[in-house]
Amino acid sequence: MATRASNRIPTRIRERDFSETYIGSWLTTTDHKKIGIMYMVTAFFFFLIGGLEALLLRTQLAIPNGKVLNPEEYNQLFTMHGTTMIFLFIMPILSGFGNYIVPLMLGARDMAFPRMNAFAFWIFLFGGLFLQSSFIFNTAPNGGWFMYAPLSLTAAACGVHAYQCTPGMNADFWILGITMLGISSISGSLNFVVTILKLRAPGMSINRIPLFTWMILVMAFLILFAMPSLTAASLMLLFDRHLGTHFYQFAYGGDPLLWQHLFWSFGHPEVYILILPAFGIASEILPVFSHKPIFGYTFIAWSGVAIGFLSFTVWAHHMFAVGLPPIAQAFFATSTVLIAIPTAVKIFNWLGTIYKGNLSFKPPMVFALGFIAMFLIGGLNGAALAVVPFDYQATDSYFVVSHIHYVLFGGSVLAIFAGIFYWFPKMTGKLMNEKLAHIQFWLMMIGMNLAFFPMHILGLLGMPRRIYTYPAYFGWNELNLMSSIGAFLLGIAVMMFVFNFILSMKSGQKAGDDPWDGFTLEWDTTSPPKPYNFLRLPIVRSRRPFYDKKNPEIADWKSVIH
């Protein structure tokens, strides 16, 4: 008995000590701040992988008849580039911002379900590593990030059309990886909804929550209602591939367009899942660096809700060329134009916020302003694609590639960098180097427009998407070279950010608790915040609770009344 007792005591000590070590405290944490940081660091790691994939693609296309990649390698890389950037970078890094910032903005101690929060992160990490591990076995997904069926079926499932289909485990990696990421996203979204609706500080009515929190709430509802469609489609594809079902095979009574309807009924709400939190980031940064309240709080908040509802009515504008009936084309073209209205409302509100403001061009502000300009370009060429006759000409061309990159890189990614520069002092207690940040910004603006604007012209000149090479006599040579040079400029800009991050972590200037004269409650804590966030829960009486606490003599009494 004595021997067994002596064996048990050191075990308990080791278990206790591991969670108290630096590494153990991160691996076992349920603190929303640490989980948020882990989301952001992991997502940025995948961003670097996705960027490397993009550079290999652009190296292949820089000159005609490129020999850097063979067709199979190209298919795997462009599939994983899209999958990585959407599912492993933009979605999780925005969730990371939400995890870290939303409880602080609400005046809460933590997320509603801390253990579920940790579970969602670890499922995301394992799903991402599982997807990337497919390269080790040379079976990376190769059917596009959209994985269209029946082309993504196995040769056996395709029957007489086996030559058109996907043998091997390539699509299986995608299906299983996306399913894991979907579980993570749904778990995290449930947590956001309950946290925002139930854990607000005293006095913080729904009409006083910060706009970033508003957009995270809408994003969470979109994931909850959209993700099941993708999960169902993926599982049916898995059954078709391995269990002998024929959901997507016309010859056996299935419907080849069923996959597109199910995928895009997720895929277009997904676009707003990726951009709405970016809207929220801009809506927090612009008023702080304009030194005035946000213009049209209510319009911005409820236009986000309107975008959420309308995003479920536009999916088939991705399918104009498949032979939809004219009445369906008219409906989806109209709904696509309608969704531009609440989006435009936000842009006018942002411009109204900075109009006659006392502007301070700190790094968060310049990235937020760049986000407005680049997202506007992406929105305008997206409106062009809502016109059915034009879409017939431009669909599956590089015009569409340009559109999606202006929306997601010019929109989401620039806003993400704005958010990093804005909240980095809160997370670390240090400021990032401003000079390096401004150089990074201009490299990104030049590189992005050089990389993606020529794609508009390439698309109009007839260059199709997803081709791994092209002959010299098509007239695409110079534009493709420009695009590839722009991509490498973006790579240099990202490396400059990494250098700035490491330098700032080691020797950055101390920021203090409130370096930007902030408006919202996350600045009413230490930097970085204590594990419990607030010693005493704040009382909220306006939409700018911390600013009004600092300046009671000029409090926003109109906000107080509302």
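Visitor: Is Arg241 buried or exposed?
Guide: This is a predicted model, in which local features need pLDDT of at least 70 and side-chain atom pairs count only at pLDDT 80 or more, while totals for chains, interfaces and linings use all residues. Residues are numbered from 1 along each chain as its sequence is written, and side-chain values use heavy atoms, with hydrogens and water left out. A residue is called buried under 20% relative accessible area, exposed over 50%, and partly exposed in between, using a 1.4 Å probe and protein chains only. Because its relative accessible area is 6%, Arg241 counts as buried.

Visitor: Which residue meets Arg241 in a salt bridge?
Guide: A salt bridge here is a side-chain nitrogen of Lys or Arg within 4 Å of a carboxyl oxygen of Asp or Glu. The side chain of Arg241 meets such a partner at 2.8 Å, N to O, and that partner is buried as well, with a relative accessible area of 10%. The residue is Asp172.

Visitor: How many residues apart in sequence are the parts that Arg241 and Asp172 tie together?
Guide: Arg241 and Asp172 form a salt bridge. Helices are DSSP runs of H or I with at least four residues, numbered from the N terminus. Since Arg241 lies in helix H8 and Asp172 in helix H7 (residues 170–198), the pair ties together parts whose distance in sequence is 69 residues.

Visitor: With which residue does Lys362 form a salt bridge?
Guide: The closest N and O atoms of the two are 3.0 Å apart. Lys362 sits in the loop between helix H11 (326–354) and helix H12 (363–385), whereas the partner belongs to helix H15 (residues 434–460), 72 residues away in the chain. That partner is Glu434.

Visitor: Which residues do salt bridges with shared partners join into one network?
Guide: The side chains of Lys550 and Asp514 meet in a salt bridge of 2.7 Å, N to O. This pair links distant parts of the chain, with Lys550 in helix H17 (residues 545–550) and Asp514 in the loop between H16 and H17, 36 residues apart. Both are partly exposed, as Lys550 has 28% relative accessibility and Asp514 has 24%. Through shared partners, salt bridges build a network of Asp514, Asp517 and Lys550.

Visitor: What separation do the C-alpha atoms of Ile420 and Phe97 have?
Guide: Ile420 is placed in helix H14 and is buried, because its relative accessible area is 13%. Leaving aside neighbours within four places in sequence, Ile420 is in contact, meaning heavy atoms within 4.5 Å, with Phe97, Met432 and Phe497. Although Ile420 and Phe97 are 323 residues apart along the chain, their C-alpha atoms are separated by 8.7 Å.

Visitor: Which element gives the most residues to the lining of the second largest pocket?
Guide: On a 1 Å grid over the protein atoms alone, a pocket is an open set of points with protein on both sides within 12 Å along at least five of seven lines, a cavity is a set where a 1.4 Å probe fits but cannot get out, and lining residues have an atom within 4 Å of a point. The second largest pocket is lined by 16 residues, with Ile37, Met40, Val41, Phe424 and Phe501 nearest its centre. Two or more lining residues come from each of helix H3 (32–61), helix H14 (398–428) and helix H16 (477–507). The element that gives the most, with six residues, is H3.

Visitor: What volume does the largest cavity have?
Guide: The largest cavity is lined by 14 residues, of which Tyr39, Pro92, Ser95, Ser184 and Ser185 lie nearest its centre. The elements giving two or more residues to this lining are helix H4 (71–106), H7 and H8, and H7 gives the most, with six residues. Grid points are joined across faces, edges and corners, and a volume is the space filled by probe spheres set on the points. For the largest cavity, the volume is about 140 Å³.

Visitor: Where does Thr139 lie?
Guide: Thr139 is buried, because its relative accessible area is 13%. Leaving aside neighbours within four places in sequence, Thr139 is in contact with Ser134, Met169, Asn170 and Phe173. Its place is the loop between helix H5 (114–133) and helix H6 (155–158).
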